[in-house]
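Dear colleague,

I am handing over the structure below, and my notes on what was found in it follow directly after. Please read them with the sequence and the model side by side.

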Amino acid sequence: MSPQPQPFDLRDDLPEGRLVIDASAGTGKTYTIECLVARLLMEDVVPADEIVVVTFTKAAAAELRARIRQRLLKNLRAVEVEDSQGERAAKMRQHLANFSQIRISTIHGFAQRT
């Protein structure tokens, strides 16, 4: 018997290992994914080149790519305001520079690459 899915809350500790987000339309999946990826990077849990985001359509992949990048930019602006030493801001700039290493694709694209 497989384990029952556990509710996920962005404010909780980050999960370890793989995380699958499966929910109905309009439930906030894209928002959850963009915030989760930003937290994984900001908290130095996973480097950009180890993050894989897979979705169904090319349009959804493009939207996720844009929204994750926007989230990182938004977080950078917030960090720049509160970070007098500039260390966290420098780290966020590096994550933005490495953004292209995050693999965001369709299921078909992921399968082809694998």
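From the N terminus on, the elements of the chain run α-β-α-α-β-α, which comes to 4 helices and 2 strands, where helices (H or I, at least four residues) and strands (E, at least two) are DSSP runs numbered from the N terminus. Please keep in mind that this is a predicted model, in which local features need pLDDT of at least 70 and side-chain atom pairs count only at pLDDT 80 or more, while totals for chains, interfaces and linings use all residues. Residues are numbered from 1 along each chain as its sequence is written, and side-chain values use heavy atoms, with hydrogens and water left out.

As for the chain as a whole, its C-alpha atoms fill a box of roughly 50 × 30 × 25 Å, taken along the principal axes. Of its 114 residues, 32% count as buried, a word that here stands for under 20% relative accessible area, with exposed meaning over 50% and partly exposed lying in between (1.4 Å probe, protein chains only). The accessible surface comes to about 8,200 Å², and 51% of this belongs to carbon and sulfur atoms; the areas come from the Shrake-Rupley method with a 1.4 Å probe, and for residues only the protein chains shown count as cover. Among the contacts with a separation of 6 or more, 66% are accounted for by residues 24 or more positions apart, a contact being heavy atoms within 4.5 Å.

Helix α3 (residues 87-97) has A89, M92, H95 and L96 as buried residues. These residues lie on the same side of α3, because they cover an arc of only 115° around the axis, the arc being that of the directions from the helix axis to the C-beta atoms. The buried residues of α3 pack against α1 and α2 (58-82), whereas E87 and A97, on the other side of α3, are exposed.

Two residues in the partner helices may also interest you. T32 lies in helix α1 and, at 16% relative accessibility, counts as buried; leaving aside residues up to four places away in sequence, T32 touches F8, L10 and I21. The side chain of T32 also reaches the backbone oxygen of G28 at 2.9 Å. R71, whose place is in helix α2, is buried as well, with a relative accessible area of 14%, and, with residues up to four places away in sequence not counted, R71 touches Y31, E34, C35 and A38.

R11, by contrast, lies in the segment before α1 and is exposed, with a relative accessible area of 71%. The side chain of R11 makes a polar contact with the side chain of D9 (2.6 Å), where a polar contact is a pair of N or O atoms within 3.5 Å; within protein, one must be able to donate a hydrogen and the other to accept it, and residues adjacent in sequence count only if both atoms are side-chain atoms. R11 and I33 are 22 residues apart in sequence and 13 Å apart in space, C-alpha to C-alpha.

Finally, D44 is found in the loop between α1 (29-42) and β1 (52-55), where it is partly exposed, with a relative accessible area of 49%. The phi of D44 is near 55°, a positive value in a residue other than glycine.
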